[in-house]
Amino acid sequence: MCISQNMKYYKYAIQAKDLNKTFNKKNFGMVHALTNFNIKIPKGSIYGLLGPNGAGKSTFINILGGLVKKDSGKVSICEIDTEINPKESRRKIGIVPQELNMDPFFTPLELLELQAGMYGVKNKDRKTNEILEKVGLLEQKNSYARNLSGGMRRRLLVAKALVHQPDVLILDEPTAGVDFEIRQNIWEYVSELKNNGTTICLTTHYLEEAEKLCDNIIIINKGKILKDDTKKNILNLIGKKTARFILESSKINIPDILSVYNPTLNNNILTLNYDKNINNIREIIEILNQHSIKFNEINTYESDLEDVFVELISK
């Protein structure tokens with residue numbers, strides 16, 4: 001499912017080279033939305049596009065969808081140049097926008113059938129009921145869109161983007177405003193799409209979402225790329241770890257040698273902070289043993305994607 005019937009071999013699902021876009025905004029003058037923007041999204045991956053509001057994420061997505069015209073540079077989808085062959089490149093991509101833009105007087109079934117007709121999908125090739133079932137809307141297929149909850153409308157947008165079985169799916173804040181259970185369902189479906197060969201480009205402000213789903217992550221700010229790497233490498237950019245020791249007694253003297261770990265003692269909990277790229281927990285345990293500090297339990301915590309994101313953006 002969701003793999004183009006006439007798919008040819010290609011290495012990158014989306015490529016942008018030296019992409020630039022500026023807007024002339026009233027009271028602000030020329031604003032550089034994208035500056036020498038270069039990206040290569042591998043086929044069959046889930047690629048996270050992260051950044052604060054105004055970073056350039058939506059501009060890039062709108063350029064991919066043909067809604068915004070670039071100033072310069074080259075963009076291709078499935079190795080099809082969007083400028084040379086815009087119609088064919090757009091058939092390769094499905095976009096789920098942030099806004100809940102749908103006709104409230106149509107049913108999910110009608111909306112998907114209408115969308116399929118606009119893409120020229122033949123009746124025998126349509127998978128309307130299958131898609132509605134996958135997004136959990138089969139029972140509501142004949143209900144008017146205006147009667148659907150916010151979470152259901154969000155899932156309906158995902159369904160609409162899939163009717164022509166695109167090779168590439170762009171998800172722009174797909175779980176904004178939905179509860180945790182629905183978010184989990186969407187995560188599962190996105191993973192299933194990826195396993196079936198669909199390339200996913202995801203923008204989200206839920207960094208937990210990006211950390212859970214993405215293979216690669218690009219972090220941008222003010223139209224420029226700050227970091228583009230695998231999720232594993234990005235998470236290792238900050239090696240901060242915290243170790244909490246549950247001590248047998250709170251009546252201890254913290255040795256000076258532990259001062260480099262910024263120690264705090266609260267009742268019988270000793271908290272130490274260290275860089276996993278420099279130190280390891282075994283060294284700390286040896287110091288505690290040498291000073292006869294006994295403990296019953298160890299809990300460790302390490303930096304997550306949010307820590308990396310905040311540090312990169314703040315710099």
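Over the ring of which residue does the charged end of R146 sit? The ring is that of Y144, and the charged end of R146 lies 4.5 Å from its centre. This report describes a predicted model, and its values are computed from that model. A second contact of this kind involves K21, which lies over the face of F23 at 5.0 Å from the ring centre.

Strand β1 (residues 12-25) and strand β2 (residues 29-42) run antiparallel and are joined by 10 bridges. Within this pairing, L19 has F37 of β2 as its bridge partner. The two strands form a hairpin with three residues between them. In the turn, N27 has a positive phi of about 75 degrees. Most residues other than glycine have a negative phi.

β1 is also joined to strand β4 (residues 72-77), by five bridges, and these two strands likewise run antiparallel. Here A16 stands opposite V75 in β4. In a regular strand the side chains alternate between the two faces of the sheet.

Helix α1 (residues 57-64) is largely enclosed by the rest of the structure, because six of its eight residues are buried. These are K57, T59, F60, I61, I63 and L64. After the helix comes G66, with a positive phi near 80 degrees.

A pair of aromatic rings is described by the distance of the centres and the angle of the planes. Two aromatic pairs are found in a search of the whole structure. In one of them, the ring centres of F37 and F60 are 5.0 Å apart and the planes stand at 45 degrees, so the pair is tilted. It links distant parts of the chain, since F37 belongs to strand β2 and F60 to helix α1, 23 residues apart. Both F37 and F60 are buried.

The other pair, F245 with F295, is edge-to-face, with 5.2 Å between centres and 70 degrees between the planes. F245 lies in strand β11 (residues 240-247) and F295 in strand β14 (residues 295-302), so the pair ties together parts that are 50 residues apart in sequence. F245 is buried, with a relative accessible area of 0%. F295 is partly exposed, because its relative accessible area is 24%, which falls between the limits of 20% and 50%.

In soluble globular proteins, nonpolar side chains tend to be buried together. In this model the largest nonpolar core has 45 residues, and those with the most contacts inside it are L50, L156, L169 and L305. Helix α6 (residues 180-195) gives the most to this core, namely six residues. When neighbours within four places in sequence are left aside, the contacts of L50 include K57, T204, L207, A210, L305 and F309, together with I217, I218, I219 and I220. A second, separate core has 26 residues, among them I39, A55, L64 and V168.

α6 has 16 residues and reaches 23 Å from its first C-alpha to its last, close to the 22 Å expected at 1.5 Å a residue. Its buried residues are I182, R183, I186, W187, Y189, V190 and L193. An α-helix has 3.6 residues a turn, so residues three or four places apart point the same way. The elements that cover the buried residues of α6 include β3 (46-50), α4 (128-134), α5, β7, β8 (199-203) and α7 (207-213). Just after α6, G197 takes a positive phi of about 105 degrees.

How values were computed
Residues numbered from 1 in each chain as written. Heavy atoms only, no water. Pairing = 2+ DSSP bridges. Helix = DSSP H or I, 4+ residues; strand = E, 2+ residues; numbered from the N terminus. Buried < 20%, exposed > 50% of the residue type's maximum accessible area, 1.4 Å probe, protein only. Phe/Tyr/Trp six-rings, centres within 6.5 Å; stacked < 30°, edge-to-face > 60°. Lys NZ or Arg CZ within 6 Å of the ring centre and 35° of its normal. Core = buried A, V, L, I, M, F, W, Y, C linked by side-chain atoms within 4.5 Å. Contact = heavy atoms within 4.5 Å. Expected span 1.5 Å × (residues − 1).
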